[in-house]
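Work through the exercises below with the sequence and the model in view. Each task is followed by a solution in steps.

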Amino acid sequence: MTEELKVAVDRKPNGAVLYTKGYINNVGGEEIANRAYELMDAGVRTLLLNLRDTKIVNSIGISILIEIIEKMIDKGGTIAFCCLTPVIHKTFQIMGLANYARIFDSEDAALKELGL
Amino acid sequence: MTTTAERQMELTLPMVADIEIAAARAAGNLARELGMSSEKIDEMTHAIIEACINAREHSGCADNRIYLRFVGTSQDDGSRIDVWITDHGRGFDPAEARSRRPAAGVSHKRGRGLQLIEAHMDEVSISTSSGGGTTIHMVKYEKKES
């Protein structure tokens with residue numbers, strides 16, 4: 001069985017929003033990474049990941065998200081997340097991801113705060 | 001007087017990609033039948049996913065199977081689900097695995113599965129021996145509001 005993750009991109013004047021739908025595992029994490037690195041190569045330095053349609057993550061998927069964050073920090077940019085379920089929020093905190101990326105309750109709050 | 005109702009389920013699953021989702025869904029369905037809250041179910045399913053991934057990635061078992069048993073119990077004061085996840089692999093040293101992991105909240109790419117399991121469940125115990133396989137027993141409780 002496979003649980004394919006879908007990623008949609010919404011380019012904004014000052015960055016981009018990635019919308020994920022489905023399970024963030026190793027394959028899903030790589031899909032997010034591919035899209036994020038394309039955007040970084042195109043000069044995007046502010047990236048918001050909206051996880052409203054993702055209900056399950058695993059530790060391998062999160063390790064890939066941490067790699068994306070590290071690459072963005074190396075480029076002087078910012079990555080943030082919004083619309084996390086409570087358990088995903090808790091998992092991000094345990095994994096240390098919340099130390100390097102901002103987390104917002106809503107997309108509106110994130111867009112306003114990040115200036116997207 | 002306390003009344004108790006039990007529901008049990010046993011599954012044997014092949015170690016193939018994303019099979020952990022099937023295990024998590026089965027446990028989630030049982031938990032919903034018991035009236036567990038979605039937040040408790042989400043925590044339990046994430047723990048089951050990590051346990052299945054650990055078995056698939058690290059057990060090195062020859063039979064390529066994960067054996068799962070769920071027991072759901074309803075009582076007057078709430079409900080609980082016991083989950084046993086077993087592999088017939090090489091076993092591991094839980095103390096050594098815990099000693100290698102970074103503190104909670106510190107960014108680190110791998111080796112977090114057991115830490116997440118322990119964070120998301122109310123009780124976790126591990127039976128493992130070199131060459132004798134591993135069973136993780138974990139429990140999730142939901143107390144009724146009084």
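Helices (H or I, at least four residues) and strands (E, at least two) are DSSP runs, numbered from the N terminus. The model is predicted.

**Exercise 1. Chain A as a whole**

Task: State how many helices and strands chain A has, and in what order they run.

Solution. 
Step 1. Chain A holds 4 helices and 5 strands.
Step 2. Read from the N terminus, the order of its elements is β-β-α-β-α-β-α-β-α.
Step 3. The globule rule gives 13 Å for 116 residues, and the radius of gyration of chain A is 13 Å, so chain A is as compact as a globular protein of that length.
Step 4. The C-alpha trace of chain A spans about 40 × 25 × 25 Å along its principal axes.
Step 5. Of the 116 residues in chain A, 43% are buried.
Step 6. Among contacts in chain A with a separation of 6 or more, 68% are between residues 24 or more positions apart.

**Exercise 2. A covered helix in chain B**

Task: Find which residues of α4(B) are buried, and what covers them.

Solution. 
Step 1. The buried residues are Gly113(B), Leu114(B), Gln115(B), Leu116(B), Ile117(B) and His120(B).
Step 2. The cover includes α2 (59–74) and α3 (86–95) from chain A.
Step 3. From chain B, the cover includes α2 (38–58), α3 (94–100), β4 (123–129) and β5 (133–143).

**Exercise 3. Paired strands in chain B**

Task: Trace how β3(B) is joined to β2(B) and to β5(B).

Solution. 
Step 1. Strands β2 (residues 65–75) and β3 (residues 78–87) of chain B run antiparallel and are joined by 9 bridges.
Step 2. These strands, β2(B) and β3(B), form a hairpin with 2 residues between them.
Step 3. Phe70(B) has Val83(B) in β3(B) as its bridge partner.
Step 4. β3(B) and β5(B) also run antiparallel, with 10 bridges joining them.
Step 5. Opposite Ser79(B) stands Glu142(B) in β5(B).

Notes
Residues are numbered from 1 along each chain as its sequence is written. Chains are lettered from A and ligands numbered from 1 in the order in which they are written. This is a predicted model: local features need pLDDT of at least 70, side-chain atom pairs count only at pLDDT 80 or more; totals for chains, interfaces and linings use all residues. A residue is buried if 20 or more other C-beta atoms lie within 10 Å of its own, exposed if 12 or fewer, and partly exposed in between; C-beta atoms are placed from the backbone. Two residues are in contact if their C-beta atoms, placed from the backbone, lie within 7 Å. The radius of gyration is taken over C-alpha atoms; the globule rule is 2.2 Å times the number of residues to the power 0.38. Two strands pair if DSSP finds at least two bridges between them.
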